[in-house]
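Student: I have a protein model open and want to work through its fold. Can we take it step by step?

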Amino acid sequence: MKNLLVIVGLIVGSIIVVLVLSTSFPIEKSYVDKFRNAVANDGEEVMINQIFDFDFNRAYVLHAEDCYMSGSEFSENYNLDLSIDEVDEEYTETVKRIIFVDNQDRFIYLFRYDTAQIDPKIEGIIIYPTTRIRKCPTWIEGSVGIEFLDIKESDYY
């Protein structure tokens with residue numbers, strides 16, 4: 001009987017942990033779908049804050065070669081004073097990342113996407129909630145090309 005109570009307790013605890021974690025972090029697939037749907041029509045422009053439904057100050061659209069770095073390596077490599085230690089190293093050819101931070105340069109969210117679904121025209125930039133995007137051509141079949149609009153020289157990290 002005692003073992004049964006322990007097992008039931010572990011199962012209930014596991015369910016609670018899964019529920020808490022699943023509601024704490026946005027589901028990436030929904031953001032991939034939002035990107036793709038937002039620019040479904042040629043020429044249509046939307047702001048980034050219409051896709052990502054949480055508050056953030058800015059986000060870093062990482063270069064392909066930066067996607068392998070941890071958050072602390074990325075921050076140190078570009079002399080950025082960011083608190084993004086939660087971002088781990090990642091070794092993959094097709095998955096890229098956008099790191100969102102708040103106005104105190106603290107980590108908020110890591111958006112991971114596959115280039116087979118979304119293909120940004122430019123990388124290595126800082127985007128803001130009001131940065132506009134639109135669909136653009138891409139050579140990756142099945143992917144949606146994304147063009148970030150109004151990017152200034154100061155927006156490159």
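Predicted model: local features only at pLDDT ≥ 70, side-chain atom pairs only at ≥ 80, totals over all residues.

Student: How many helices and strands does the protein have?
Tutor: Read along the sequence, the pattern is α-α-β-β-α-β-β-β-β-β-β. In numbers, that is 3 helices and 8 strands.

Student: In what order do the 4 strands of the open sheet lie?
Tutor: Work through the pairs. β3 and β4 are joined by 7 bridges. β2 and β3 pair over 4 bridges, and 3 bridges join β2 to β6. The order is therefore β4-β3-β2-β6.

Student: Which are the edge strands?
Tutor: An edge strand here pairs on one side only. That picks out β4 (107-114) and β6 (125-127).

Student: Is the pairing parallel or antiparallel, and what does the twist average?
Tutor: The pairing in this sheet is antiparallel. From one strand to the next, the twist averages 25°.

Student: Which residue is the bridge partner of Val61 in β6?
Tutor: Val61 lies in β2, which spans residues 58-61. β2 and β6 run antiparallel. In β6, the partner of Val61 is Ile125.

Student: Which residue in β3 stands opposite Ala59?
Tutor: Here the pair is β2 and β3, also antiparallel. Opposite Ala59 stands Phe100.

Student: And what is the bridge partner of Val101 in β4?
Tutor: Val101 belongs to β3, residues 95-101. β3 and β4 run antiparallel. The partner in β4 is Phe107.

Student: Which residue takes a positive phi in the hairpin of β3 and β4?
Tutor: Look at the link between the two strands. The hairpin has 5 residues there. With phi near 65°, the residue is Asp105.

Student: How many residues of β3 are buried?
Tutor: Take the two directions in turn. Val95, Arg97, Ile99 and Val101 point one way, and Lys96, Ile98 and Phe100 point the other way. In a regular strand the side chains alternate between the two faces of the sheet. Buried means under 20% relative accessible area, and the count for β3 is 7 of 7.

Student: What share of the protein's residues is buried?
Tutor: The total is 157 residues. The buried share is 40%.

Student: What percentage of contacts joins residues 24 or more positions apart?
Tutor: Count the contacts with a separation of 6 or more. Residues 24 or more positions apart account for 58%.

Methods
Residues numbered from 1 in each chain as written. Heavy atoms only, no water. Axes fitted to C-alpha atoms, helices over the stretch in contact; angles between N-to-C directions. Buried < 20%, exposed > 50% of the residue type's maximum accessible area, 1.4 Å probe, protein only. Contact = heavy atoms within 4.5 Å.
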